[in-house]
Amino acid sequence: MDARSMRFSAAVMALALAAGISASSPAFAEAESQDPIKLTLHDWTGQLITTKIMGEVLKKLGYNVEYVQADYLAQFAGLETGDLTAAMEIWATTGQEASDKAVATGNVENLGNIGLQAKEEWWYPAYMKEKCPGLPDWTALKEPACVEAFSIPETAPKGRYLGGPVTWGGFDEERVEALGLDFEVVHAGTDAGLFAELDSAYQRKAPIMLWVYAPHWALAKYEGEWVDFPTYEPACYTDPAWGENKEATHDCGKPFGEIWKVGWVGMKDKWPGAYKAVKAYEMQNDEMNALIVNVDIDGKTVDDVVADWLVKNEARWKKWAE
């Protein structure tokens, strides 16, 4: 190599080091396109962690990543047009119907499950069972004494069910009506507000029935149970003849199931390396629970928790891009 070539190579290496690109990481220029990959952010801690891990991995692989705050259900319109690139957590419990419709257009692709197993349902602290001993059977909630036990001044004489933010979906109003429950559905404004209210009620042993989901730290911190509603089947949401109420749909509990990754169908052609990495991304419930605890209980920031995870799991995430 002549002196001129050596000087050029040295300059290139200096620029790479200045950009924070090591010899062990793919160079920024290796990304197929520098158009931004837009990943959606929602309003619960686990989803923020999942998405930031994926996004920061893609950045290390040389991609230009943008995080876009998006409505959980309305995001599918952006995924169909390609204005949004990927959503990292679509829960079968609440988002399966919207996801299936988007995939059916041919413009959105299901990129596989994360490995997390989802459950979202009505939940109550164990101390409430003393006032409503028929629980966890859902029919106990039809008893006047149980309705009264879960009522608060703002909803009396009805019981109160504290649902998640309206944007989460979940069909709780439809469920209450279809099963003839004398409960009023009140929606928490945020994920943090939902669990702050649980914590306050739990400390005072105050009445509360609310939406709890897994994976989440609440199940380790608080003693309680999910309500046993009639087991979900797809017909429950579409066929009034199914189930308890022959004139209404949604007369069952919420579905259990996978947490999916979905993306704009054009992703695999425009950013094939990123597409491969997103499909390979995986996480388990115990691991995610611990990460959520780091943020919601220990007070660390999502960004700090993600940065720590990337350092400790470098060999793992590099395999996603192989």
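**Close-up 1. Helix α11 in the predicted model.** Helix α11 covers residues 285-296 and has 12 residues. From its first C-alpha to its last it reaches 16 Å, close to the 16 Å expected at 1.5 Å a residue. The model shown here, and in every view below, is predicted. Which residues of α11 are buried? They are Asn285, Met288, Leu291, Ile292 and Val295. Seen down the axis of α11, these buried residues fall within an arc of 125°, so they line one face of the helix.

Close-up 2. The buried residues here are Val302, Val305, Val306, Trp309 and Leu310. Down the axis of α12, they fall within an arc of 135°, so they too line one face of their helix. What do they pack against? The buried residues of α12 meet α2, α11 and α13 (314-320).

**Close-up 3. Strand β9 and its partners.** Strand β9 spans residues 257-264. Of its 8 residues, 6 are buried, so the strand is largely enclosed by the rest of the structure. Strand β3 (residues 86-91) is joined to β9 by 4 bridges, and the two run antiparallel. Ala87 has Val262 of β9 as its bridge partner. Strand β4 also pairs with β9 in the antiparallel sense, over 6 bridges. Here, Val108 has its bridge partner in β9 at Trp264.

**Close-up 4. Met128 in its loop.** Met128 is placed in the loop between β4 and α5 (144-149). Is Met128 buried or exposed? Its relative accessibility is 0%, so Met128 counts as buried. What touches Met128, leaving aside its neighbours within four places in sequence? The contacts are Ala149, Phe150, Ala206, Pro207 and Ile208. Gly163 is 35 residues from Met128 along the chain, and the C-alpha atoms of the two are separated by 18 Å.

**Close-up 5. Trp264 against Trp271.** The structure has 20 aromatic pairs. In one of them, the ring centres of Trp264 and Trp271 are 6.3 Å apart and the planes are at 70°, so the pair is edge-to-face. The two residues can also be read by accessibility. Trp264 has 22% relative accessibility, so it counts as partly exposed. Trp271 is buried, with a relative accessible area of 2%. Trp264 is also the residue of β9 that bridges to Val108.

**Close-up 6. An aromatic cluster, and lysines over rings.** Ring pairs link a set of aromatic residues into a cluster. Its members are Trp44, Tyr72, Trp91, Tyr127, Trp168, Phe195, Tyr202, Trp211, Tyr213, Trp217 and Tyr222. Which residue lies over the face of Trp211? Lys254 does, at 3.4 Å from the ring centre. Elsewhere, the charged end of Lys52 sits over the ring of Tyr67. That charged end is 5.1 Å from the centre of the Tyr67 ring.

Notes:
Residues are numbered from 1 along each chain as its sequence is written. This is a predicted model: local features need pLDDT of at least 70, side-chain atom pairs count only at pLDDT 80 or more; totals for chains, interfaces and linings use all residues. Side-chain values use heavy atoms; hydrogens and water are left out. The expected span of a helix is 1.5 Å times one less than its number of residues. Buried means under 20% relative accessible area, exposed over 50%, partly exposed in between (1.4 Å probe, protein chains only). The arc is that of the directions from the helix axis to the C-beta atoms. Contact means heavy atoms within 4.5 Å. Two strands pair if DSSP finds at least two bridges between them. Rings of Phe, Tyr and Trp (its six-membered ring) pair if their centres lie within 6.5 Å; planes under 30 degrees apart count as stacked, over 60 as edge-to-face and the rest as tilted. A charge sits over a ring if NZ of Lys or CZ of Arg is within 6 Å of the ring centre and within 35 degrees of the ring normal.
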